[in-house]
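Visitor: Could you show me how to read a model like this one?
Guide: Gladly; let us look at it together.

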Protein chains: 2
Amino acid sequence: MKDAPAPRRRPRQSDIAKLAGVSQTTVSIVINGRESDTIRIPPETRQHVLEVARSLGYVVDPVARSLAGGMNRLIGVYTFESLFPMDHHDFYYPFLVGIEAAAEELGYDMLMFTSATGSDGGRSIYRDGVNRLGLADGCVLLGKETNRDDIVRLRDEGFNFALIGRRDVPGPITYVTADYATATGEVVNHLVGLGHKRIAYLTAADPSEPSADRDAGFQAARSRHGLDTGGLVLSVRKEEGPSAEEVRRLLKAGATAFIAHESVVALRLLDLLGGMGVDVPGACSVAALSDPPDDVPGPELTCFRIPRREMGMRAVELLVQQLESEEEVEPQAVVLPCAFVAGQTSGPNRKES
Amino acid sequence: MKDAPAPRRRPRQSDIAKLAGVSQTTVSIVINGRESDTIRIPPETRQHVLEVARSLGYVVDPVARSLAGGMNRLIGVYTFESLFPMDHHDFYYPFLVGIEAAAEELGYDMLMFTSATGSDGGRSIYRDGVNRLGLADGCVLLGKETNRDDIVRLRDEGFNFALIGRRDVPGPITYVTADYATATGEVVNHLVGLGHKRIAYLTAADPSEPSADRDAGFQAARSRHGLDTGGLVLSVRKEEGPSAEEVRRLLKAGATAFIAHESVVALRLLDLLGGMGVDVPGACSVAALSDPPDDVPGPELTCFRIPRREMGMRAVELLVQQLESEEEVEPQAVVLPCAFVAGQTSGPNRKES
DNA sequence: ATTGACTGATAATGCGTATCACCATCATGA
DNA sequence: TCATGATGGTGATACGCATTATCAGTCAAT
């Protein structure tokens with residue numbers, strides 16, 4: 001009683017060959033438009049083959065083509081944390097947009113390793129001793145909690161990958177990062193240019209390469225301008241932000257401007273200052289060393305924009321370059337500039353010192 | 001002078017076989033954990049093969065496996081438009097989140113087909129005579145501008161896929177959709193319950209299945225409540241919204257409430273009414289048949305929420321069910337309920353009629 | 001008539017894996 | 001001693017395409 005709708009096989013080159021009265025080789029050559037001194041197919045034959053192909057609705061099977069060719073045109077994307085929790089998503093999103101754009105441009109598909117999460121919620125590339133990343137031709141890695149051992153091992157296995165974000169690992173790797181140090185310097189320059197001499201600095205409590213870069217940039221700017229930041233440096237956890245008390249202490253210590261690593265910390269700071277009746281930017285300036293989420297209301301923050309989208313794109317480009325070159329390519333690092341945003345939370349220093 | 005770091009080929013089953021002193025067949029069987037009455041590999045051999053495989057860093061080549069008819073634990077994701085333009089992204093995002101969640105849960109990786117975009121920006125599964133979808137075990141398809149021919153062809157080729165959104169195509173397909181009709185009915189019920197008898201209906205100008213479903217739901221509710229909508233129906237393009245003139249005409253025709261397909265149209269309507277000095281919901285009620293973007297300020301719109309995340313998850317679940325069952329599975333349709341949101345833009349009808 | 005160059009192809013093979021049909025060996029029981 | 005069944009695998013082949021090497025035929029020049 002079954003209709004058995006004849007699960008039509010996709011036509012293959014040999015089907016075309018039979019119908020057109022030529023060999024499968026010829027079909028392959030025609031389909032791929034190959035032409036060389038040793039291989040010549042006259043236009044009429046070409047036409048004929050193409051017509052038959054069209055009439056059968058032939059499409060190349062990319063699987064077979066890849067097998068024969070060696071590459072799968074797959075760019076892997078691995079994140080060291082689960083993409084899931086929504087705040088993670090917000091973090092990853094711009095990078096992913098860039099990765100996707102570049103992959104699309106270069107004709108690669110994107111393989112997202114979502115299955116890598118273990119039952120414990122943790123992640124590792126080498127879970128169970130297997131490296132699924134090998135499914136892809138190469139891989140873009142990103143995430144805050146990078147596993148450095150995994151990275152080194154991956155490189156030593158000769159696997160092609162590009163990191164988003166600088167990582168301190170032994171030996172060279174390919175990565176793309178933003179120039180946090182220079183951008184931090186620009187923020188300081190801006191504030192100093194406005195007359196600020198005592199600048200409070202709210203650094204990140206947990207260490208990471210991007211934080212270290214900002215610190216380095218700040219130190220450089222500090223000595224460049226001869227700033228004294230005695231008693232004005234504070235370690236702040238992103239989740240908590242500074243306490244009202246701490247802010248009061250900094251103000252009492254003579255701070256006329258604040259610089260915070262995290263934009264959320266800066267925003268919290270604005271709240272606190274508002275609550276204390278301190279006018280921003282009238283009485284006090286506030287700047288951040290990263291960009292706030294798009295949808296935050298209120299005055300525009302003095303900060304710099306991390307070129308996340310571009311970073312994603314460049315990572316893919318570097319990777320593809322590696323993949324497609326004949327010879328071995330040296331690992332390379334790319335550092336992209338951040339765009340300074342003057343914003344509305346910084347103004348001239350009114351307090352003479 | 002070259003180090004010639006031996007651009008190591010990926011190890012294959014035959015490499016393992018040689019090292020372990022067994023045949024490639026045995027390796028394949030062990031790798032895939034196959035076990036049957038006719039094929040028995042003792043645990044020791046299994047262990048040994050697995051150890052060798054691990055020591056070589058072996059991973060199955062997905063391409064070869066596909067060609068041979070195997071499974072890769074890869075769920076493809078194909079969108080009929082480029083993911084790119086940011087407004088598209090906002091549309092796709094919740095679906096993707098759901099798809100990703102389900103894929104992770106079920107232990108599949110996600111293959112995003114970004115390469116399918118042609119130079120003209122248009123997309124087609126069969127573009128350029130290649131159908132890359134076959135790389136994945138099955139595929140979730142989504143997008144507004146579905147190409148129905150592609151869908152039918154895909155099904156006829158026996159490829160497994162699940163659609164997000166109902167599609168009018170000849171023959172059965174697997175899809176997940178939201179119950180727009182019922183949800184529309186609830187909105188009408190709500191307004192009628194508030195005493196509204198003349199309800200203006202702003203339908204979508206360009207036809208699509210979701211719009212048709214809403215229209216059907218509205219028609220049903222209309223006749224259920226014996227509403228007269230003479231002169232109260234308007235076709236509106238999403239991009240433009242209704243004109244002030246049209247709104248005035250509808251009011252003059254006695255409309256005490258408005259229902260718009262698109263939330264952006266409803267929002268625009270609120271603006272216009274505000275500009276005319278018409279109080280909402282005091283003098284007039286407004287409702288939408290979809291949910292507004294999250295970050296819109298102002299009063300909460302009377303509307304319903306489309307369960308996009310759940311739709312994404314269900315699509316993956318349906319697909320995996322198909323993939324993992326031994327026998328042929330009948331295509332099936334799933335319709336998920338929308339959550340009604342009373343909101344603050346609708347109130348009792350003050351005008352006696 | 002022989003050589004050589006050129007034309008228009010084709011047969012054979014490889015890519016890495018999965019599967020089906022078998023096969024060799026050994027212990028057991030008749 | 002021979003049939004039987006269980007054990008532990010293996011060989012061959014298919015999957016669809018690209019590539020390499022090769023070949024038959026024709027025509028012109030020697």
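Guide: Helices here are DSSP runs of H or I with at least four residues, strands are runs of E with at least two, and both are numbered from the N terminus. The model is predicted, so local features need pLDDT of at least 70 and side-chain atom pairs count only at pLDDT 80 or more, while totals for chains, interfaces and linings use all residues. Residues are numbered from 1 along each chain as its sequence is written, and chains are lettered from A and ligands numbered from 1 in the order in which they are written.

Visitor: Which residues of helix α6 of chain B are buried?
Guide: A residue is buried if 20 or more other C-beta atoms, placed from the backbone, lie within 10 Å of its own, exposed if 12 or fewer, and partly exposed in between. In α6(B), residues 148-156, the buried ones are B:D150, B:I151 and B:L154. Seen down the helix axis, they fall within an arc of 100°, so they line one face of α6(B); the arc is taken from the directions from the axis to the C-beta atoms. An α-helix has 3.6 residues a turn, so residues three or four places apart point the same way.

Visitor: What lies on the other side of α6(B), and what do its buried residues pack against?
Guide: B:R148 and B:D149 are exposed on the other side. The buried residues pack against β4 (161-164) of chain B.

Visitor: How many residues of chain B are in contact with chain A?
Guide: Contact means that C-beta atoms, placed from the backbone, lie within 7 Å. By that rule, 41 residues of chain B are in contact with 41 residues of chain A. On the chain B side, α4 (62-67), α5 (86-106) and β2 (109-112) each supply at least two residues.

Visitor: In what sense do the β2 strands of the two chains pair?
Guide: Strands pair if DSSP finds at least two bridges between them. Here β2 (residues 109-112) of chain A and β2(B) pair in the antiparallel sense over three bridges, and A:L111 has B:L111 as its bridge partner.

Visitor: Which residues are closest to DNA strand D?
Guide: A residue is near a strand if its C-beta atom, placed from the backbone, lies within 6 Å of it. DNA strand D is surrounded by 28 residues, the closest being A:R12, A:A64, A:A68, B:S23 and B:T26. With five residues, α4(A) gives the most to this surface.

Technical notes. Two residues are in contact if their C-beta atoms, placed from the backbone, lie within 7 Å.
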